[in-house]
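Please consult the sequence and the structure shown below while reading.

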Amino acid sequence: APLQDNMANPKEKTPMCLVNELARFNRIQPQYKLLNERGPAHAKMFTVQLTLGEQTWEAEGSSIKKAQHAAASKALNETTLPKPTPRPPKNNVNNNPGSITPTVELNGLAMKRGEPAIYRPLDPKPIPNYRANYNFRGMYNQRYHCPVPKIFYVQLTVGNSEFFGEGKTRQAARHNAAMKALQALQNEPIPEKLPQNGEAGKETEEDKDANKSEISVVFEIALKRNIPVSFEVIKESGPPHMKSFVTRVTVGEFTAEGEGNSKKLSKKRAAMSVLQELKKLPPLPVIEKPKLYFKKRPKTILKTGPEYGQGMNPISRLAQIQQAKKEKEPEYVLLSERGMPRRREFVMQVKVGNEITTGTGPNKKIAKRNAAEAMLLQLGYKASTPLQDQTEKLGENKSWNGQNVGFPEPTSNTPKGILHLSPDVYQEMEASRNKSAPGTTVSYLSSKEMSQTSSSFFSISPTTNSTATIARELLMNGTSPTAEAIGLKGISPASPCPAVQPSKQLEYLARIQGFQVHYSDRQNGKECMTCLTLSPVQMTFQGIGSSIEASHDQ
């Protein structure tokens with residue numbers, strides 16, 4: 001047990017250390033030898049032999065080091081060699097239990113007394129009649145020249161009492177001064193009341209200045225009084241190893257100089273000199289700083305009335321309304337996607353709180369817009385755009401050469417299968433036909449002339465004259481008075497126009513107008529799909545039928 005205690009306590013010497021001291025005192029050499037090693041790998045036991053002079057001891061342990069310590073402790077108890085006299089324990093310099101330094105103990109006492117402990121470092125005192133010999137000759141004198149040790153001095157102020165300490169280091173000098181202060185202040189009573197407010201304020205300012213360097217205090221005073229400060233090294237003399245500097249400080253009208261063996265020291269002494277003049281200045285008047293009042297920024301409240309944002313996009317409008325209400329933003333979900341590949345229809349759902357609406361459209365964007373518009377109407381807001389604008393936008397068709405022209409819906413005035421072209425498109429087709437046949441002369445007619453029945457323009461047989469007239473009237477005006485007259489006369493509607501297939505009518509119009517018709521057929525099971533392309537006018541149409549002729553007509 002005592003062996004383990006000695007090994008666990010690092011401050012006490014181990015048995016091996018004591019054996020080494022014993023061997024050193026008797027001028028012999030201790031020898032440790034491993035004799036045996038037994039047991040499994042996880043529980044080894046080692047036997048070590050210690051030889052000290054003519055005596056030997058053996059001991060076991062779970063490690064070689066423990067076995068050595070056990071043999072050493074056995075040798076210390078059984079050896080007959082003379083033992084060295086034990087050294088006296090070192091006296092605690094501070095005499096404080098728990099290794100509390102005098103500075104820490106003094107700080108606690110000063111806090112109880114209400115008097116801060118202020119340390120001021122003092123310059124080392126010059127040694128009298130000491131002249132350094134710089135004329136060493138030879139390495140012997142330089143090697144065995146003993147330099148004078150440097151001693152530090154500290155001034156300690158606690159309340160109205162002053163104490164001085166010295167030591168080989170600055171910290172040792174502080175400890176020395178603190179010990180002297182503790183011996184003097186421990187038996188004194190603690191003062192009951194602090195001085196008055198004004199005096200206390202002055203003292204605290206002085207204490208604060210005492211903890212700062214003189215250069216910092218000069219700059220602070222100059223900053224408070226708005227006075228410029230400048231330090232300048234005006235003189236530098238002496239050999240390189242013993243330089244002497246003179247620094248001049250200028251603070252407004254005051255000037256002072258300081259000298260030292262470094263620029264820092266000369267600057268500090270110059271600041272100390274000018275501080276004596278600055279402290280004579282009258283105190284500054286106390287000016288109360290006005291309190292700063294910050295105007296609170298008014299919250300921008302968005303008025304979301306029924307007519308708010310009518311000209312906006314319904315999606316953005318609905319989102320802004322929810323933000324103004326400080327509610328959750330709308331949630332959009334795609335419900336379904338239906339229809340043919342070229343005629344898709346998307347259904348989008350929007351949820352705002354407990355309200356749910358849906359919107360449909362040919363793409364997701366329009367479906368989302370329609371769903372937002374429906375939600376706005378359900379929440380009590382007016383429509384985003386007037387109904388007239390919506391109908392105009394829906395009724396808009398792109399130009400004749402646009403790529404998005406799809407399946408034109410037949411109007412009530414135009415029979416199914418008749419292509420209705422505007423006069424400007426007709427004139428362009430005539431120009432393209434003129435280019436294709438430059439040798440032939442074509443007389444261009446106005447719309448009024450074309451509306452008149454002229455058999456000379458269409459060189460066709462009399463039997464098909466009424467059919468050509470009806471086609472020309474439908475082409476230019478969309479209505480056919482000739483067909484209506486024939487119907488009034490009681491002629492059977494099956495002849496002549498309805499009997500003609502739409503594909504044949506389109507070929508007839510293409511031959512007259514000068515454009516080309518191209519069919520591309522594809523068989524898909526029992527159905528036949530046809531893609532019809534017009535040129536030079538870039539227009540494309542599709543048709544589906546049970547046969548090629550039916551798909552052509554469609």
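## Contact of α4 with α6

In α4, Pro102, Thr103, Glu105, Leu106, Leu109 and Arg113 meet Gln171, Arg174, His175, Ala178, Met179, Ala181, Leu182 and Leu185 of α6, where contact means heavy atoms within 4.5 Å. The residues of this contact comprise 8 nonpolar, 3 polar and 3 charged.

The axes of α4 (residues 102–113) and α6 (residues 170–185) come within 8 Å and cross at roughly 45°. The crossing of α4 past α6 is left-handed.

## Basis of the model

This is a predicted model, in which local features need pLDDT of at least 70 and side-chain atom pairs pLDDT 80 or more, while totals for chains, interfaces and linings use all residues. Residues are numbered from 1 along each chain as its sequence is written, and side-chain values use heavy atoms, leaving out hydrogens and water.

## The protein as a whole

The protein contains 18 helices and 15 strands, taken from DSSP runs (H or I, at least four residues; E, at least two). Of its 554 residues, 26% count as buried, that is, under 20% relative accessible area with a 1.4 Å probe.

## Two residues with positive phi

Arg27, in the loop between α2 (15–26) and β1 (31–38), has a positive phi near 60°. Asn226 likewise has a positive phi of about 60° without being a glycine, and lies in the loop between α8 (214–225) and β7 (229–237).

Arg27 is exposed (over 50%) at a relative accessible area of 81%. Asn226 is exposed at 71%.

Conventions:
Axes fitted to C-alpha atoms, helices over the stretch in contact; angles between N-to-C directions. Left-handed = near helix turned anticlockwise from the far one by under 90°. Nonpolar A, V, L, I, M, F, W, Y, C, P; charged D, E, K, R; others polar.
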